[in-house]
Amino acid sequence: MADCVFCKIAQGQIPSEIVYEDDNVVAFRDINPQAKVHIIIVPKRHINPMNEIDEKQAKIMSDIFLAAKEIAKRQKIEQRGFRMIVNVGADSGQEIEHLHLHLLGGEKLGKLVG
Ligand code: AMP
């Protein structure tokens, strides 16, 4: 999508620190990190909102989660733990309208729920 920051990062049109890439997914460090490790994982193809995902497209969610698992390993935080967050829509404060998973860790995180 023409004006989407995450599409531009995925296409290499905006510089970013890429930490993972495969055929369907790219991941890079958040420009404004909220934890020692803060990585954004996005589908290469523009998808938003999450509500648009149907059964045919659902595989992208497993692609993203498998990427998160691999990234946690590469960042050496898979043993101590991490958090994954998807903001969806206005009430969540979602700023960028391209489906993305936040992966946070590398330090003790304050509990949000549970
Ligand atoms: P959200 O509020 O869930 O839409 O989160 C968007 C995230 O993208 C925020 O944490 C921003 O700091 C991050 N972000 C925005 N622009 C960039 C960029 N050019 N490179 C890396 N992260 C970005």
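Tutor: The model is predicted. Buried residues make up 37% of the 114 residues in the chain, where buried means under 20% relative accessible area. The chain exposes about 7300 Å², and carbon and sulfur atoms supply 50% of that area. Its radius of gyration is 14 Å, which agrees with a compact globule, because a globule with 114 residues would have a value near 13 Å. The C-alpha trace spans about 35 × 30 × 25 Å along its principal axes. Among contacts with a separation of 6 or more, 55% join residues 24 or more positions apart.

The chain has two helices and five strands, in the order α-β-β-β-α-β-β from the N terminus on.

Now the pocket itself. The largest pocket holds about 550 Å³ of space. Its lining consists of 23 residues, and Asp30, Ile31, Ile40, Glu95 and His102 are the ones nearest its centre. Four elements each supply at least two lining residues: the helix α1 (5-10) and the strands β2 (25-29), β3 (37-43) and β5 (101-105). Of these, α1 gives the most, with three residues. Sorted by class, the lining has eleven nonpolar residues, nine polar ones and three charged ones.

How values were computed:
Residues numbered from 1 in each chain as written. Predicted model: local features only at pLDDT ≥ 70, side-chain atom pairs only at ≥ 80, totals over all residues. Heavy atoms only, no water. 1 Å grid on protein atoms, 1.4 Å probe; cavity = no way out; pocket = protein on both sides within 12 Å on 5 of 7 lines; lining within 4 Å. Points joined across faces, edges and corners; volume = space filled by probe spheres on them. Nonpolar A, V, L, I, M, F, W, Y, C, P; charged D, E, K, R; others polar. Rg over C-alpha atoms; globule rule 2.2 N^0.38 Å. Buried < 20%, exposed > 50% of the residue type's maximum accessible area, 1.4 Å probe, protein only. Contact = heavy atoms within 4.5 Å. Areas by Shrake-Rupley, 256 points an atom, 1.4 Å probe, with all protein chains shown as cover.
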